[in-house]
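Subject: Structure for you to look at

Hello,

Here is the structure I said I would pass on. Please open it beside this email and follow the residues as they come up.

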Amino acid sequence: MIIGVPKELKNNENRVGLTPAGVSAYRQAGHRVLVETMAGAGSGFFDEDYLAAGAEIFSSAREVWQHADMICKVKEPLPEEYAYFRENLILFTYLHLAPERELTAELCAKKVVAIAYETIQTDDGSLPLLMPMSEVAGRMSVQIGAQFLEKPHGGKGILLGGVPGVPPAHVVIVGGGIVGTNAARMAVGMGARVTLLDIHAGRLRELDDLFRGRLHTLMSNHYNIAEAVQSADLLIGAVLIPGARAPKLVTEEMVKSMAPGSVIVDVAIDQGGSIETIDRITTHSDPTYVKHGVVHYAVANMPGAVPRTSTIALTNVTIPYGLMIANKGYRTAIAQSRALARGVNVLNGHVVYEAVARSLNVPFVPLDDVLQDLPT
């Protein structure tokens, strides 16, 4: 198989879909790897590194897309890349299609085989390709929030951990999954007062035990969220429903109750956001806006700001699945791996991931039905 690695186009997205170590792994398995020139430079991987690992360097994204059987990316394609789509091209990347009607329509129209990192799911419910970026984003959310609480950035002008004789900031985290847990780890470590809400009592017990009483846990419901948000200096949205739009758990009225200069970081923005006042995606070059006196941070590719860490963490987990696809072909690979099969979002012009279809209000066709209709 020919693997293509184009340079990412998203604002300040410095991650890359494959490291030189990944190139070496594909080459050892007998595959060709085409890398767009300077695709990895933002992560500290340069053309000579890829050449030494056995890659071929191409001067343009168009050449990479045209020659590749499978494209390995980080973020969803942007409109300027839609022209590269073609039938039976395998696209292996984060897609987050639930809020992306136009992209989904283009993938269907061109009959791309679209396999999303974020919906590959093992039988125990874990999301192995989403986990490392959730860890990065969760940890980043607190350090970003701490920065924007500073007065020059529009915040209240308070130190997250306080000092002796001065109370620390109150950090409220909605969601106790990977993002929420890592956010709590950072916030507690920095000395903040931390409240975490989740809908699962068992998860709250686990977190209470993990943090040994240094974390205040609350059952997530409308009343408790409203009470916690009102006193929050930093609010972190950390809710995920695999493949689906994030539910709007924090209402506009709740945000209005926050003190001026408070900060919201919504990590769920790439799935539509869990905060009602998050009405647009921001970028690393223009990361915030103020609404009702509250600073809103809604960058959809947070880990792109720490690309070296993020690229290595991401490719550590994507390469085994990518090799499975390349070695066996996607049909055999998804037949043999239920986890990988759950990653298929679009196939042969159909949306085959139910949560995406439901979010976009488009027809859902089960994956097995589409596979049966494909020519042998």
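Below are my notes, grouped by region.

This is a predicted model, in which local features need pLDDT of at least 70 and side-chain atom pairs count only at pLDDT 80 or more, while totals for chains, interfaces and linings use all residues. Residues are numbered from 1 along each chain as its sequence is written, and side-chain values use heavy atoms, with hydrogens and water left out.

Helix 10

Helices (H or I, at least four residues) and strands (E, at least two) are DSSP runs, numbered from the N terminus. Helix 10 covers residues 307–328, which is 22 residues. From its first C-alpha to its last it reaches 30 Å, close to the 32 Å expected at 1.5 Å a residue; the expected span is 1.5 Å times one less than the number of residues.

Where is the kink in helix 10? It lies at Thr318, shortly before the proline Pro320, and is about 35 degrees. The bend at a residue is the angle between axes fitted to the seven residues ending there and the seven starting there.

Buried means under 20% relative accessible area, exposed means over 50%, and partly exposed is in between (1.4 Å probe, protein chains only). The buried residues of helix 10 include Thr311, Leu314, Thr315, Thr318 and Ile319. Just after this helix, Gly329 has a positive phi of about 85 degrees.

Gly22 sits in helix 1 (residues 20–28). Its relative accessibility is 0%, so Gly22 counts as buried. Gly22 and Thr315 are 293 residues apart along the chain, yet their C-alpha atoms are separated by 7.2 Å. Thr315 is one of the buried residues of helix 10.

Val295, by contrast, is 273 residues from Gly22 in sequence and 39 Å from it in space, C-alpha to C-alpha. Val295 belongs to strand 13 (residues 294–297), and it is buried because its relative accessible area is 2%. Contact means heavy atoms within 4.5 Å. Leaving aside neighbours within four places in sequence, the contacts of Val295 include Phe148, His153, Ser262, Ile264 and Tyr289.

The nonpolar cores

A nonpolar core is a set of buried Ala, Val, Leu, Ile, Met, Phe, Trp, Tyr and Cys residues joined through side-chain atoms within 4.5 Å. In soluble globular proteins, nonpolar side chains tend to be buried together. The largest core here has 80 residues, and those with the most contacts inside it are Phe92 and Leu347. Helix 5 (residues 131–148) gives the largest share of this core, eight residues. Apart from this core lies another, of 29 residues, among them Val64, Ala68, Tyr84 and Leu91.

Which residues does Leu347 contact, leaving aside its neighbours within four places in sequence? They are Val112, Val113, Tyr330, Val352, Leu367, Val370, Leu371 and Leu374.

The largest pocket

On a 1 Å grid over the protein atoms alone, a pocket is an open set of points where a 1.4 Å probe fits, with protein on both sides within 12 Å along at least five of seven lines; lining residues have an atom within 4 Å of a point. Grid points are joined across faces, edges and corners, and a volume is the space filled by probe spheres set on the points.

The largest pocket holds about 1,000 Å³ of space. Its lining has 43 residues, of which Gly177, Ala238, Val239, Leu240 and Ile241 lie nearest its centre. Helix 5, helix 6 (178–189) and strand 8 (193–198) are the elements that give two or more residues to this lining. Helix 5 gives the most, with four residues.

Loop residues

Glu81 and Asn88 both lie in the loop between strand 4 (70–72) and strand 5 (90–93). Is Glu81 buried or exposed? At 2% relative accessibility, Glu81 counts as buried. Not counting residues up to four places away in sequence, Glu81 touches Leu9, Trp65, Lys73 and Glu76. Asn88 is partly exposed, with a relative accessible area of 47%.

Most residues other than glycine have a negative phi. Asn88 has a positive phi, near 70 degrees. Met38 has a positive phi too, near 65 degrees, and is in the loop between strand 2 (32–36) and helix 2 (47–53). Met38 is partly exposed, at 39% relative accessible area.

Lys110 is in the loop between helix 4 (101–109) and strand 6 (113–116). Its relative accessible area is 30%, so Lys110 is partly exposed. Lys110 touches Tyr82, Phe85, Arg86 and Glu87, not counting residues up to four places away in sequence.

Regards
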